[in-house]
Amino acid sequence: MVTRGDDFDDFVRGSATRLLRTAVLLTGDRAAAEDLVQETYERIYVRWRRIHSAPEAYAHKTLANLTANRWRSRGRKPEVALADHDRATPDGSDNFAIRDQLLAALQELPPRQRAVIVLRYYEDLTEAQTADVLGCSVGTVKSQASRALDRLRLITEPTILEGLR
């Protein structure tokens, strides 16, 4: 017989890397991201019987909300875009420079716009799925994505955003 714990354990094993990546993109700080993922798993476990059919969507929504709440409670943006230990070791490839610039630029966006960009372009969710996760309309997702991309175009080199189109 499969128990609640077994299902939940399988979910954690299958989603840990993806949720941590999403949280790092949302926060810009690996330690904060790990804390958010842990808190997300705690909330999912408590509600597992109600959400076991769609835990990924609930996890993304929880991560986005916790990130926004953390940002609001501080009353300011994070002081450091990414800690040095979170950056990839440069190997001479332009990809690392592009990644670092884009991650730093993401931290310049308001939490809602950052969440839309991460969910739409990193997690590859549709506009409807992103709207569902964030609890807003598809039109809001579209307008937030447009504003975020406009802002990113202003603060990054033109070639950086080519992969997001």
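I take contact to mean heavy atoms within 4.5 Å. I take helices (H or I, at least four residues) and strands (E, at least two) as DSSP runs, numbered from the N terminus.

**Entry 1: ground rules.** This is a predicted model, so I note that local features need pLDDT of at least 70 and side-chain atom pairs count only at pLDDT 80 or more, while totals for chains, interfaces and linings use all residues. Residues are numbered from 1 along each chain as its sequence is written, and side-chain values use heavy atoms, with hydrogens and water left out.

**Entry 2: confidence.** I looked up pLDDT, the predictor's confidence in each residue, from 0 to 100. The chain average is 80, and 76% of the residues score at least 70. For residues 78–85 the pLDDT stays under 50, and the model has 14 contacts beyond four places in sequence for them. Residues 88–92 are also below 50, with four contacts beyond near neighbours in sequence. Where pLDDT is low, the predicted coordinates should not be read in detail.

**Entry 3: elements.** I found eight helices and zero strands in the chain. Of its 165 residues, 40% count as buried (under 20% relative accessible area; exposed is over 50%, partly exposed in between, with a 1.4 Å probe and protein chains only).

**Entry 4: α6 and α8.** I checked how these two helices meet. Arg 112, Gln 113, Val 116, Ile 117, Arg 120 and Tyr 121 of α6 are in contact with Val 141, Gln 144, Ala 145, Arg 147, Ala 148 and Leu 149 of α8. The two axes (lines fitted to C-alpha atoms, for helices over the stretch in contact; angles run from 0 to 180 degrees between N-to-C directions) come within 9 Å and cross at roughly 100°. The helices α6 and α8 are therefore roughly perpendicular (65 to 115 degrees).

**Entry 5: the core.** I looked for nonpolar cores (sets of buried Ala, Val, Leu, Ile, Met, Phe, Trp, Tyr and Cys residues joined through side-chain atoms within 4.5 Å). The largest has 38 residues, and Val 37, Tyr 41, Ile 44, Leu 63, Leu 106 and Leu 134 have the most contacts inside it. Among the elements giving it two or more residues are α1 (4–27), α2 (30–46) and α4 (55–74). The most comes from α1, with eight residues. Domain 1 (1–77) and domain 2 (99–165) both contribute to this core, so it lies between them; the bounds come from an automatic or database domain assignment.

**Entry 6: two residues.** Beyond four places in sequence, Val 37 touches Leu 19, Leu 20, Ala 23 and Leu 63. Arg 47 sits in the loop between α2 and α3 and is partly exposed, at 29% relative accessible area.

How values were computed:
Angles under 35 degrees count as roughly parallel, over 145 as roughly antiparallel, 65 to 115 as roughly perpendicular and the rest as oblique.
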